[in-house]
Amino acid sequence: MSLPINSRLLSASLKFVLVLVLLILAVFAIFVLTFDANQHKSRIESMVGESLGRKVELRGDLYIDTSLIPRVVARDIHIADVDWTAMEDITVIDKLSFSLELLPLILEKRVVVYGVELGGVRLNLEKNQAGDNNWTFGEQHSASQAEGLSSIQDVVLENVSIVYRSPGG
């Protein structure tokens with residue numbers, strides 16, 4: 001018994017769609033398995049450095065757990081200090097990790113970050129004789145000008161040291 005033409009066409013179409021879906025899943029799996037976040041470190045350093053108005057270095061490994069809620073882990077982060085200070089870096093962070101929700105980012109262009117963990121943080125704050133400080137970054141923007149970041153939830157700080165130097169003290 002032969003199938004009517006419409007049934008054969010439907011069967012062939014379903015097979016084609018199934019093969020297409022499997023091919024897309026295979027390409028996605030290859031991407032996930034071969035993705036190396038360290039290849040993008042210089043771009044990230046540049047973007048963050050530009051927004052802060054300081055040199056930023058990701059000296060350690062960068063790892064991104066690829067999923068619908070990826071976890072980002074960066075190690076040995078250095079943010080340069082201004083020229084007039086005694087220290088080379090305003091801050092060094094041994095480990096920074098956070099989770100990022102992709103669906104609000106993709107669907108609503110909202111950035112939702114949670115589970116932020118900062119470990120081994122050394123922060124060097126300084127003020128000079130003219131009253132300038134080293135903790136004012138880049139151009140100052142009003143809250144209404146801030147774009148992108150919608151919310152940060154659950155911040156954990158571990159092993160933090162803060163040094164403050166003032167003029168004459």
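How many helices and strands are there in the protein chain? There are three helices and six strands, where helices are DSSP runs of H or I with at least four residues and strands are DSSP runs of E with at least two, numbered from the N terminus. The model is predicted, so that local features need pLDDT of at least 70 and side-chain atom pairs count only at pLDDT 80 or more, whereas totals for chains, interfaces and linings use all residues. Residues are numbered from 1 along each chain as its sequence is written, and side-chain values use heavy atoms, with hydrogens and water left out.

**View 1. The protein chain as a whole.** From the N terminus on, the elements follow the order α-α-β-β-β-β-α-β-β. Of the 169 residues, 26% count as buried, a term that stands for under 20% relative accessible area, with exposed meaning over 50% and partly exposed in between (1.4 Å probe, protein chains only). The accessible surface, computed by the Shrake-Rupley method with a 1.4 Å probe, comes to about 12100 Å², of which carbon and sulfur atoms hold 61%.

View 2. Helix α2 (residues 41–52) has 12 residues and reaches 16 Å from its first C-alpha to its last, close to the 16 Å expected at 1.5 Å a residue, the expected span being 1.5 Å times one less than the number of residues. K41, E45 and G49 are buried in α2. Because they cover an arc of only 55° around the axis, they lie on the same side of α2; the arc is that of the directions from the helix axis to the C-beta atoms. The face turned away from this buried side carries the exposed residues R43, M47, E50 and S51. The cover over the buried residues of α2 includes β1 (56–58) and β2 (62–65). After α2 comes G53, whose phi is positive, near 75°.

**View 3. Strand β3 and its partners.** Seven of the 10 residues of strand β3 (residues 71–80) are buried, so this strand is largely enclosed by the rest of the structure. Two strands pair if DSSP finds at least two bridges between them. β1 and β3 pair in the antiparallel sense over three bridges, and L58 stands opposite I77 in β3. β2 and β3 likewise pair in the antiparallel sense, over four bridges, with V73 in β3 as the bridge partner of Y63, and a hairpin joins β2 to β3 through five residues.

**View 4. The pairing of β3 with β4.** Strand β4 (residues 89–100) runs antiparallel to β3, and nine bridges join the two. Within this pairing, H78 has V92 in β4 as its bridge partner.

Terms used:
Contact means heavy atoms within 4.5 Å.
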